[in-house]
Amino acid sequence: AEGTVVEVPGGAITGGNAPNTGTAGGVHAAGTVVMNGGSIVGNGTAYRGGGVYISGSGKFTLNNDAAILGNSALGTEDVTGGGGAVCVNGGTLEMKGGSMAFNYTKYAGGAVMVLNTSDGSFTMSGGTISDCQGKNGGAVCGASKAVFLRCDFDDNKSNYIGSGINVPYPYESTVLFERMLRQGLVLTEFS
């Protein structure tokens, strides 16, 4: 709930499922969630946020060796479905460490989808996104309010556009790249 703070030092959140047009296969962050360890693994949703769904003024922070692994969001063939690991629909995703790997969506953002119609944002200042897959943005899609500093992208795949990051038009991008691994990164902007 909004205003709630949850700290996750370890353990696993696994096996969650949000069917139909559901969101948040594993965690719905409407308050503040700080994940310092443990994993969110093997969760799924038929729509958005296979592992984590962030809404409203929610904030989710991934630190240390925490991991979001093997989650899926089947999504739909439009720009509102996806985010195999995380969907940001308002609020903030901060990745300061840890990893997102082997996440999948049929549509947007194999690891992370930031809905361009929301006030959501994504800042990645550490950690790795690897081996994720989505039609648009193998790692990240819709990152119109994103900052990437000291982060690694490795071997992400897209069936269509942007194996690393897809920033779709017409949204004004504030994407900043300081350092990234070269493998698996393609930035695509349409005009």
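Analyst: Happy to. Let us begin with contact, which means heavy atoms within 4.5 Å. A word on the source: this is a predicted model, in which local features need pLDDT of at least 70 and side-chain atom pairs count only at pLDDT 80 or more, while totals for chains, interfaces and linings use all residues. Residues are numbered from 1 along each chain as its sequence is written, and side-chain values use heavy atoms, with hydrogens and water left out.

User: Which residues does His28 touch, leaving aside its neighbours within four places in sequence?

Analyst: Tyr53 and Ser55 are in contact with His28 on that basis.

User: What makes the His28 and Ser55 side chains a polar contact?

Analyst: A polar contact is a pair of N or O atoms within 3.5 Å; within protein, one must be able to donate a hydrogen and the other to accept it, and residues adjacent in sequence count only if both atoms are side-chain atoms. The two side chains make such a contact at 2.7 Å, so the distance meets the limit of 3.5 Å.

User: Why is His28 called partly exposed?

Analyst: Buried means under 20% relative accessible area, exposed means over 50%, and partly exposed is in between (1.4 Å probe, protein chains only). His28 has 45%, so it is classed as partly exposed.

User: And why is Asn43 called buried?

Analyst: Asn43 has a relative accessibility of 3%, which is under 20%, so it counts as buried. Its contacts beyond four places in sequence include Ile13, Gly25, Gly50 and Asn71. The Asn43 side chain also reaches the backbone oxygen of Val41 at 3.4 Å.

User: What kind of element holds His28, and where is Asn43?

Analyst: His28 is in strand β4, residues 27-29, whereas Asn43 sits in the loop between β6 and β7 (44-45). Helices (H or I, at least four residues) and strands (E, at least two) are DSSP runs, numbered from the N terminus.

User: What makes β4 and β8 a pair?

Analyst: Two strands pair if DSSP finds at least two bridges between them. There are 3 bridges between β4 and β8, which run parallel, so the pair meets the rule. Val27 stands opposite Val52 in β8. β5 is also joined to β8, by 4 bridges and again in parallel, with Thr32 opposite Lys59.

User: Which strand do 9 bridges join to β8?

Analyst: That strand is β11, running parallel to β8. Ser55 stands opposite Asn89 in β11, and Gly56 has Gly90 as its bridge partner there. β11 is joined in parallel to β14 by 3 bridges and to β15 by 4; in β15, Met124 is the partner of Met95.

User: Why is β11 described as largely enclosed?

Analyst: 8 of its 10 residues are buried, so the rest of the structure largely encloses β11. β8 is mostly covered, with 8 of its 11 residues buried.

User: What makes a group of residues a nonpolar core?

Analyst: A nonpolar core is a set of buried Ala, Val, Leu, Ile, Met, Phe, Trp, Tyr and Cys residues joined through side-chain atoms within 4.5 Å. The largest one has 31 residues, and those with the most contacts inside it are Phe60, Val86, Met100, Phe122 and Ile129. Strands that each supply at least two residues of this core include β4, β8 (52-62) and β11 (86-95). A second, separate core of 8 residues includes Ala24, Ala108, Leu115 and Cys141.

User: In what order do the 6 strands of the open sheet come?

Analyst: The order is β2-β6-β9-β12-β16-β20, with parallel pairing. β2 (12-14) and β20 (152-154) are the edge strands, since each pairs on one side only. Within this sheet, β6 (residues 39-41) and β9 (residues 67-69) are joined by 3 bridges, and Ser39 has Ala67 as its partner.

User: Finally, what is the average confidence of the chain?

Analyst: pLDDT is the predictor's confidence in each residue, from 0 to 100. The chain averages 80, and 75% of the residues score at least 70. Over residues 169-174 the pLDDT is below 50, and it stays under 50 over residues 178-191 as well.
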